[in-house]
Amino acid sequence: MSRPAGAWRHHPQHRGHMWATSPAFRRQLVLLRTLLPPHPAAGSSSSASSSSSLRFRAMASSAVYEADAEAVIRRITPPLDRARHKGQAGKIAVIGGCREYTGAPYFAAISALKVGADLSHVFCTKDAATVIKSYSPELIVHPILEESYSVRDDERVSVSSKILTEVAKWMERFDCIVVGPGLGRDSFLLDCVGNIMKHARQANIPTVVDGDGLFLVTNNPGLVEGNPLAILTPNVYEYKRLVQKVLNCDINQEAASEQLTTLCQKIGGVTIMRKGKEDLISDGKTVTQVSMFGSPRRCGGQGDILAGSVAVFSSWAQQFVLANEQPTDKRVNPMTLGCIAGSLLLRKAASLAFQKNKRSTVTTDIIELLGKSLEDICPAEH
């Protein structure tokens, strides 16, 4: 049975059917319709491709919604307006980078620029700063973080306070921060970053948590508990540790979507993107997925690309939702939209990179195709 464009295709199955007929589902349906382009005329070649922003499909015993991610990207990506000034398309900061890991924060920060952010900052340790600066002059690098080996015990309180003060001077300028790429697991550094996350939350700055930031959050879930502007992007191993810590159980693949929903609810308010063959995304209310195949090449760094991309799209989605002037309790979750958009763009860029480079594909090859991938979906107007 055909459905109008903008509707969710419904296939009843067990509890998935109960959820799909619930008031919460219907409210989300109405909200997500606002993200779609106008319904194409009958017979239009685009009618099939621009169906719904999120289409229902049954998976196990829970409802999962396959995202029409291209439609989401088209709606939330801001136009290139000549009247805009520097910074209006996004100001992103990456909190990460230590003497062992300099590539990850660079990948995340440069990806944010390649997607379309105007400014991208990196807050890292002094040892990492010069290296990251040498990768690209496009990034604004702040060498202010410290690790235990460089701080005496009697200096820790004062140094930690100084670091937070320095970051706080910049925080309200940012549209989103990314915490974790290349952060490492030094105890003093993690404590300092935990304080930065608390400050970002007080300032209502969306926060994407990836890499070693997830190690920090897994050991201290209170850093994101009840924060609707927090996004966690765990891979299979990070997700396993998070489930074991928060739910005190092992991963249940047969009820993956239900377990993801429960995890979001248990932490309270956060959005989680469980990365994998299909990226599963939940805010504790609905579960969506992006399943477009990307690349069989699993070179390191793709998660960093995703984190930077999600940061930009989430900030754009937030601007889009706020511009629609919907009541707060009726707004679609912009963090979910940012995850959907970031997931698809990475997969598309990875696919293009693999077509060209095959086994030799590396992260920088994918980054260079982010712009083309976005242009193919959402052409810039001249």
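Predicted model: local features only at pLDDT ≥ 70, side-chain atom pairs only at ≥ 80, totals over all residues.
# Exercises: spaces, a helix and positive phi

Met197, Arg201, Thr207, Leu223, Val224, Asn227 and Ala230 line the second largest cavity. Residues are numbered from 1 along each chain as its sequence is written, and side-chain values use heavy atoms, leaving out hydrogens and water.

**Exercise 1.** Describe the second largest cavity by its volume and by the classes of its lining.

*Step 1.* A cavity is a set of points on a 1 Å grid over the protein atoms alone where a 1.4 Å probe fits but cannot get out; lining residues have an atom within 4 Å of a point. The structure holds 2 cavities of 30 Å³ or more.

*Step 2.* Sort its lining by class and you get 4 nonpolar, 2 polar and 1 charged residues. Here Ala, Val, Leu, Ile, Met, Phe, Trp, Tyr, Cys and Pro are nonpolar, Asp, Glu, Lys and Arg are charged, and the others, Gly among them, are polar.

**Exercise 2.** Find out what lines the largest pocket, and which helices contribute.

*Step 1.* Unlike a cavity, a pocket is an open set, with protein on both sides within 12 Å along at least five of seven lines. The largest pocket has a volume of about 890 Å³.

*Step 2.* Its lining takes in 37 residues, and Asn235, Lys275, Arg298, Gln302 and Gly303 lie nearest the centre.

*Step 3.* Now the helices (DSSP runs of H or I, at least four residues; strands are E, at least two; both numbered from the N terminus). At least two lining residues come from each of α8 (212–219), α9 (236–246), α11 (302–323) and α12 (334–357).

*Step 4.* By class, the pocket lining splits into 13 nonpolar, 12 polar and 12 charged residues.

**Exercise 3.** Work out which residues of helix α14 are buried, and where they sit around its axis.

*Step 1.* Buried means under 20% relative accessible area, exposed over 50%, and partly exposed in between (1.4 Å probe, protein chains only). Within α14 (residues 370–377), Leu370, Ser373, Leu374 and Ile377 are buried.

*Step 2.* They sit on the same side of α14, because they cover an arc of only 95° around the axis (taken from the directions from the helix axis to the C-beta atoms).

*Step 3.* These buried residues pack against α3 (69–76), α4 (103–115), α11, α12 and α13 (363–367).

*Step 4.* Zoom in on serine 373, with its relative accessible area of 0%. Neighbours within four places in sequence aside, serine 373 is in contact (heavy atoms within 4.5 Å) with Leu345, Lys348, Ala349 and Leu352.

**Exercise 4.** Locate asparagine 204 and lysine 358, and decide whether each is buried, partly exposed or exposed.

*Step 1.* Most residues other than glycine have a negative phi. Asparagine 204 has a positive phi, near 60°, and lysine 358 also has a positive one, near 50°.

*Step 2.* Asparagine 204 sits in the loop between α7 (187–202) and β7 (207–209), and is exposed at 54% relative accessible area.

*Step 3.* Lysine 358 belongs to the loop between α12 and α13, and counts as partly exposed at 44%.

Terms used: Points joined across faces, edges and corners; volume = space filled by probe spheres on them.
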